[in-house]
Amino acid sequence: MLPPPAVTSTARPPADRVMRRLLRVETARKGSRSDLHQAFRTSIVLSATRCTLTYIVLPFAAPAIGFATGVGPWIGVPLGTLAILSNGVTMRRFWAADHKWRWPYTVVSLTVIVLLLILMGGDVADLAG
């Protein structure tokens with residue numbers, strides 16, 4: 001009787017292997033689609049909330065009613081940090097699940113992270129100066 005065939009891992013393109021190594025995702029695990037979509041929604045909502053508060057509500061609406069003048073950076077830095085962490089966790093989940101949209105989401109997520117870092121840099125400069 002022949003032994004059962006060895007289980008081999010799916011051959012991955014080099015770019016996939018690099019990204020999985022960067023995100024520290026060793027093996028694929030199937031998460032539910034609702035978990036992935038919830039993580040995606042959370043990361044986008046955090047990023048949108050930060051931008052809305054920091055660049056619309058606090059600079060225009062809050063001073064008009066005499067509230068929160070100059071607190072934008074104090075709120076923007078922690079919210080930006082949470083948004084970046086959330087985007088990173090979501091990226092990792094997409095890769096761990098071998099989701100078919102992992103590369104498009106990675107591009108969107110990295111773009112959001114870069115923009116958040118730029119905006120947070122301005123907030124930190126405002127706090128320092």
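Predicted model: local features only at pLDDT ≥ 70, side-chain atom pairs only at ≥ 80, totals over all residues.
User: What share of the residues count as buried?
Analyst: A residue is buried when its relative accessible area is under 20%. The protein has 129 residues, and the share of them that counts as buried is 30%.

User: How many aromatic pairs does a search of the whole structure find, and is the pair of phenylalanine 94 and tyrosine 105 stacked or edge-to-face?
Analyst: The search of the whole structure turns up two aromatic pairs. For phenylalanine 94 and tyrosine 105, the ring centres are 4.6 Å apart and the planes meet at 15°. Planes under 30 degrees apart count as stacked, so this pair is stacked.

User: Are phenylalanine 94 and tyrosine 105 buried or exposed?
Analyst: Phenylalanine 94 has a relative accessible area of 6%, and tyrosine 105 has a relative accessibility of 5%. The cut-off for burial is under 20%, so phenylalanine 94 is buried and tyrosine 105 is likewise buried.

User: What about tryptophan 95 and tryptophan 103: is that pair stacked or edge-to-face?
Analyst: Their centres lie 4.9 Å from each other, with 85° between the planes. An angle over 60 degrees counts as edge-to-face. The pair of tryptophan 95 and tryptophan 103 is thus edge-to-face.

User: Does the span of H4 agree or disagree with what its 27 residues should give?
Analyst: At 1.5 Å a residue, H4 should span 39 Å. The C-alpha atoms at its ends are 37 Å apart, so the two values agree.

User: Which residues does serine 109 contact beyond its neighbours within four places in sequence?
Analyst: Serine 109 sits in helix H4 and is buried, with a relative accessible area of 0%. Leaving aside neighbours within four places in sequence, its contacts are Asn87 and Met91.

User: Where is valine 124, and what separation do its C-alpha atom and that of glycine 76 have?
Analyst: Valine 124 is in helix H4, where its 44% relative accessibility makes it partly exposed. Valine 124 and glycine 76 are 48 residues apart along the chain, and their C-alpha atoms are separated by 9.2 Å.

User: Which element gives the most to the largest nonpolar core?
Analyst: This core has 16 residues, and those touching the most other members are Leu23, Val25, Ile84, Met91, Trp95 and Leu116. The elements that give two or more residues to the core are H3 and H4. With six residues, the element that gives the most is H3.

User: Do the buried residues of H1 line one face or several, and which helices do they pack against?
Analyst: Helix H1 (residues 14–22) has Asp16, Met19 and Arg20 as its buried residues. Seen down the helix axis, they fall within an arc of 100°, so they line one face. The face turned away from that side carries the exposed residues Pro14, Arg21 and Leu22. The buried residues pack against H3 and H4.

User: What phi does arginine 24 take, and is the residue buried or exposed?
Analyst: Arginine 24 lies in the loop between H1 and helix H2 (33–64). Although it is not a glycine, its phi is positive, at about 55°. With a relative accessible area of 62%, arginine 24 is exposed.

User: And what phi does aspartate 98 have?
Analyst: Aspartate 98 is in the loop between H3 and H4. Aspartate 98 is not a glycine, yet it has a positive phi of about 50°.

Key
Residues numbered from 1 in each chain as written. Heavy atoms only, no water. Phe/Tyr/Trp six-rings, centres within 6.5 Å; stacked < 30°, edge-to-face > 60°. Buried < 20%, exposed > 50% of the residue type's maximum accessible area, 1.4 Å probe, protein only. Helix = DSSP H or I, 4+ residues; strand = E, 2+ residues; numbered from the N terminus. Expected span 1.5 Å × (residues − 1). Core = buried A, V, L, I, M, F, W, Y, C linked by side-chain atoms within 4.5 Å. Arc of directions from axis to C-beta. Contact = heavy atoms within 4.5 Å.
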